[in-house]
Amino acid sequence: MSFMFNFNAHNDEGENTNNKFNDASVDVNKDTKETKDQKLISLPAVEVTDFYNNSVISKLAFKTLTFGEHFFQIVNTKCIEKELLNQEDAIQSSKTVLDAINAHSDLVPGTYEGGLKIWECGIDLVKYLSSSESRHILEVKGKVVLELGCGAGLPGLYSLKAGAKRVDFQDYNIDVLKLLTQPNVVRNCTEQRCRYFAGDWSGFNQIATEQKLRYDVILTAETIYNPENYSKLHDIFSMSLTDDGVILVAAKTYYFGVGGSLDTFVNYVRSCNEFKADTILTIQEGVPRQIFSLKRVCAS
């Protein structure tokens, strides 16, 4: 079943957040692009258990995002740039993120993957999850959920508030988890039934395989912009989804400047013949976007 609707998410100042995040492209600094003579070294995957104390978190400002009857208090990412940019004594491990901020770049391949920006498709996914239409596809209550490439973690936050048994958050950069994701969870959820993982997807897949992590629901938004990562993403889906589980992928139709597209990814998935892909939502407002579901072929 496929349907479409147009919507706006508003923050506590009545600001339309979609207008802030409707750039179809991902900015790639030309000096950071991979060349034939330059091999990128991915960040190793780790489980994050050590977070910043209140002396750092207390400097963060929060804002409200509202989705109909649902709202979240989330870190205002501008305050991370403004208030913590020059406080290297407090966030020494964040040099890679700080370098990206100083370079005004949303993407530094192999270093920073845009986790401090709230992208449109993450908002699309929360809006869909909070709609009555999503009940035809999945139910997160009582389920074990993984959000891949989480950034602010909005879909995962919704899942926690909707009664998920546990939500695991994964992002490429450890300091996105420490400065943004985990503070958002603490701010919005009295019971933090969560685990946090940082690093490259291939490394996370190894951790998940070794620990036999299995998920009933996998949520991911704005993660198919680089075709070179499709095999890593698919491997996680293949190894970590339960037999009757559901994956929701929210993405722009095309990512200018980096080559990824919705059609390219869906064709890749279908070529592997493990998952059935169905479009469940089309958003026409602004940059064309979709949400599609993946289910195992044997469970369809």
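In helix α10, which covers residues 262–272, the residues Leu262, Phe265, Val266 and Val269 are buried, where buried means under 20% relative accessible area, exposed means over 50% and partly exposed lies in between, with a 1.4 Å probe and protein chains only. Seen down the axis of α10, these buried residues fall within an arc of 95 degrees, so they line one face of the helix; the arc is that of the directions from the helix axis to the C-beta atoms. The model is a predicted one, in which local features need pLDDT of at least 70 and side-chain atom pairs count only at pLDDT 80 or more, while totals for chains, interfaces and linings use all residues. Residues are numbered from 1 along each chain as its sequence is written, and side-chain values use heavy atoms, with hydrogens and water left out.

**The chain as a whole**

- The chain has 10 helices and 12 strands, and these are DSSP runs numbered from the N terminus, helices being H or I with at least four residues and strands being E with at least two.
- Of the 300 residues of the chain, 54% count as buried.
- Among contacts between residues at least 6 apart in sequence, 72% join residues at least 24 apart, a contact being heavy atoms within 4.5 Å.
- The accessible surface of the chain comes to about 13,500 Å², and 47% of this surface belongs to carbon and sulfur atoms; accessible areas come from the Shrake-Rupley method with a 1.4 Å probe, and for residues only the protein chains shown count as cover.

**Helix α10 and its surroundings**

- The buried residues of α10 pack against α9 (230–240), β10 (241–252), β11 (275–283) and β12, whereas Asp263 and Ser271, on the other side of α10, are exposed.
- After α10 comes asparagine 273, whose phi is positive, near 60 degrees.
- Phenylalanine 292 has its place in strand β12, residues 289–296, and counts as buried because its relative accessibility is 1%.
- Not counting residues up to four places away in sequence, phenylalanine 292 touches Leu262, Phe265 and Val266, and also Ile247, Leu248, Val249, Asp278, Thr279 and Ile280.
- The C-alpha atoms of phenylalanine 292 and valine 249 are separated by 5.5 Å, although these two residues are 43 residues apart along the chain.
- Histidine 234 lies in helix α9 and, at 3% relative accessibility, counts as buried.
- With residues up to four places away in sequence left out, histidine 234 touches Tyr268, Val269, Cys272, Glu274 and Phe275.

**Helix α8 and its cover**

- The buried residues of α8 (201–210) are Trp201, Gly203, Phe204, Asn205, Ile207 and Ala208.
- What covers these buried residues of α8 includes the strands β3 (46–48), β6 (144–148), β7 (166–171), β8 (194–198) and β9, together with helix α9.
- Asparagine 205 lies in helix α8 and counts as buried at 12% relative accessibility.
- Asparagine 205 touches Asp235, Ile236, Met239 and Ser240, again not counting residues up to four places away in sequence.

- Most residues other than glycine have a negative phi.
- Lysine 212, which follows α8, has a phi near 55 degrees, a positive value in a residue other than glycine.
- Lysine 212 is found in the loop between α8 and β9 (215–221), and it counts as exposed because its relative accessibility is 68%.
- Glutamate 222 also has a positive phi, near 60 degrees, and is a residue other than glycine.
- Glutamate 222 is found in the loop between β9 and α9 and, at 8% relative accessibility, counts as buried.

**The pairing of helices α5 and α6**

- Helix α5 (residues 120–129) and helix α6 (residues 154–161) pack at an angle of about 20 degrees, with their axes 8 Å apart; the axes are lines fitted to C-alpha atoms, for helices over the stretch in contact, and angles run from 0 to 180 degrees between N-to-C directions.
- That angle makes α5 roughly parallel to α6, since angles under 35 degrees count as roughly parallel, over 145 as roughly antiparallel, 65 to 115 as roughly perpendicular and the rest as oblique.
- On the α5 side, Gly122, Ile123, Leu125, Val126 and Leu129 meet Leu154, Pro155 and Tyr158 of α6.
- The residues of this contact of α5 with α6 divide into 7 nonpolar, 1 polar and no charged, where Ala, Val, Leu, Ile, Met, Phe, Trp, Tyr, Cys and Pro count as nonpolar, Asp, Glu, Lys and Arg as charged, and the others, Gly among them, as polar.
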